[in-house]
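Colleague: I would like to go through this structure with you. Could you put it on the screen?

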Amino acid sequence: MPNVIRILQLFLPWISILFMPKKSIRTYFPTSLFASSLVIGMCSLAIPYKWWSVKGGWKEKILNDSSFIFGPFLVGTLWIFHFTFGSFKRFFFVNLLMDSLFAFPLSYLYQKLNLFTLVNFKPKHIFFSFIGFCLTMYGYQALTSKDKG
């Protein structure tokens, strides 16, 4: 069952991209990749610090992490920038909402579905990490937008 969820989690968000203007994809894709690299770094640190565990071996961990990073996280970042970039307050509020949803109810649900188990990391750590990432990626997008403008 966890593998089915991982596959759906990876591919379903990409269907929504069909409804996004190509200009937004071109504009925000580099920042979404940058943000994804931040989460990859966090997932890499999770191994030695035992922040969370995934049943199985390293293949399952890679599948688990990458299905989230390159599915809902990357695509969600594109959509958030598409609708909010240019208004930091709106961007921050939407990220506050989405990060709260992932850190609290969704992380509990994912644990119930046996996708992962938090060990030395708590939902509040997920929340604050993602808020830090959102501030970093907004700054990155603002810098790259100025360079092109």
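This is a predicted model: local features need pLDDT of at least 70, side-chain atom pairs count only at pLDDT 80 or more; totals for chains, interfaces and linings use all residues.

Colleague: Helices to begin with. At what angle do H3 and H4 pack?

Modeller: Helix H3, residues 58-84, and helix H4, residues 88-112, pack at an angle of about 155°. Their axes are 9 Å apart.

Colleague: Are they parallel or antiparallel, then?

Modeller: Roughly antiparallel. Angles over 145 degrees count as such, and the angle here is about 155°, so H3 and H4 fall in that class.

Colleague: And which hand does the crossing of H3 and H4 have?

Modeller: H3 passes H4 in a right-handed crossing.

Colleague: What about H1 against H3?

Modeller: The axes of H1 and H3 come within 9 Å and cross at roughly 20°. That makes H1 roughly parallel to H3. The crossing of H1 and H3 is left-handed.

Colleague: Why quote both an angle and a distance every time?

Modeller: Because two packed helices are described by the angle between their axes together with the distance between those axes.

Colleague: Changing topic: how many salt bridges does the structure hold?

Modeller: The structure holds 1 salt bridge. The side chains of aspartate 65 and lysine 61 meet in it, at 2.3 Å from N to O.

Colleague: Where do aspartate 65 and lysine 61 lie?

Modeller: Both are in helix H3, 4 residues apart, which is about one turn of the helix.

Colleague: Is that pair buried or exposed?

Modeller: Aspartate 65 and lysine 61 are both buried. For lysine 61 the relative accessibility is 12%, and buried means under 20%, so lysine 61 qualifies.

Colleague: How far is lysine 61 from leucine 115?

Modeller: In sequence, lysine 61 and leucine 115 are 54 residues apart. In space, the distance is 9.2 Å, C-alpha to C-alpha.

Colleague: Now the backbone. Which phi values deserve a look?

Modeller: Lysine 50 has a positive phi of about 50°, although it is not a glycine. Asparagine 114, likewise not a glycine, has a positive phi of about 60°.

Colleague: Why point these out?

Modeller: Because most residues other than glycine have a negative phi.

Colleague: Where are lysine 50 and asparagine 114?

Modeller: Lysine 50 is in the loop between helix H2, residues 22-49, and strand E1, residues 52-53. Asparagine 114 is in the loop between H4 and strand E2, residues 117-118.

Colleague: How accessible are lysine 50 and asparagine 114?

Modeller: Lysine 50 counts as exposed, at 53% relative accessibility. Asparagine 114 is partly exposed, with a relative accessible area of 40%.

Colleague: On to the surface. Which residues form the nonpolar patch?

Modeller: The patch consists of Met1, Val4, Leu8, Leu12, Ile15, Leu18 and Phe19. Together they have about 810 Å² of accessible area.

Colleague: Where is methionine 1 placed?

Modeller: Methionine 1 is in the segment before helix H1, residues 2-16. At 68% relative accessibility, methionine 1 counts as exposed.

Colleague: And where is phenylalanine 19 found?

Modeller: Phenylalanine 19 is in the loop between H1 and H2. This residue also counts as exposed, with a relative accessibility of 64%.

Colleague: How far is phenylalanine 19 from proline 72?

Modeller: The two are 53 residues apart in sequence and 15 Å apart in space, C-alpha to C-alpha.

Colleague: What separates arginine 26 from asparagine 3?

Modeller: Their C-alpha atoms are separated by 31 Å, and the two residues are 23 apart along the chain.

Methods:
Residues are numbered from 1 along each chain as its sequence is written. Side-chain values use heavy atoms; hydrogens and water are left out. Patches are made of residues with over 30% relative accessible area and no salt bridge: like charges are joined within 9 Å, nonpolar side chains (Val, Leu, Ile, Met, Phe, Trp, Tyr) within 5 Å. Accessible areas come from the Shrake-Rupley method with a 1.4 Å probe; for residues, only the protein chains shown count as cover. A salt bridge is a side-chain nitrogen of Lys or Arg within 4 Å of a carboxyl oxygen of Asp or Glu. Helices (H or I, at least four residues) and strands (E, at least two) are DSSP runs, numbered from the N terminus. Buried means under 20% relative accessible area, exposed over 50%, partly exposed in between (1.4 Å probe, protein chains only). Axes are lines fitted to C-alpha atoms, for helices over the stretch in contact, and angles run from 0 to 180 degrees between N-to-C directions. Angles under 35 degrees count as roughly parallel, over 145 as roughly antiparallel, 65 to 115 as roughly perpendicular and the rest as oblique. A crossing is left-handed if the near helix is turned anticlockwise from the far one by less than a right angle, and right-handed if clockwise.
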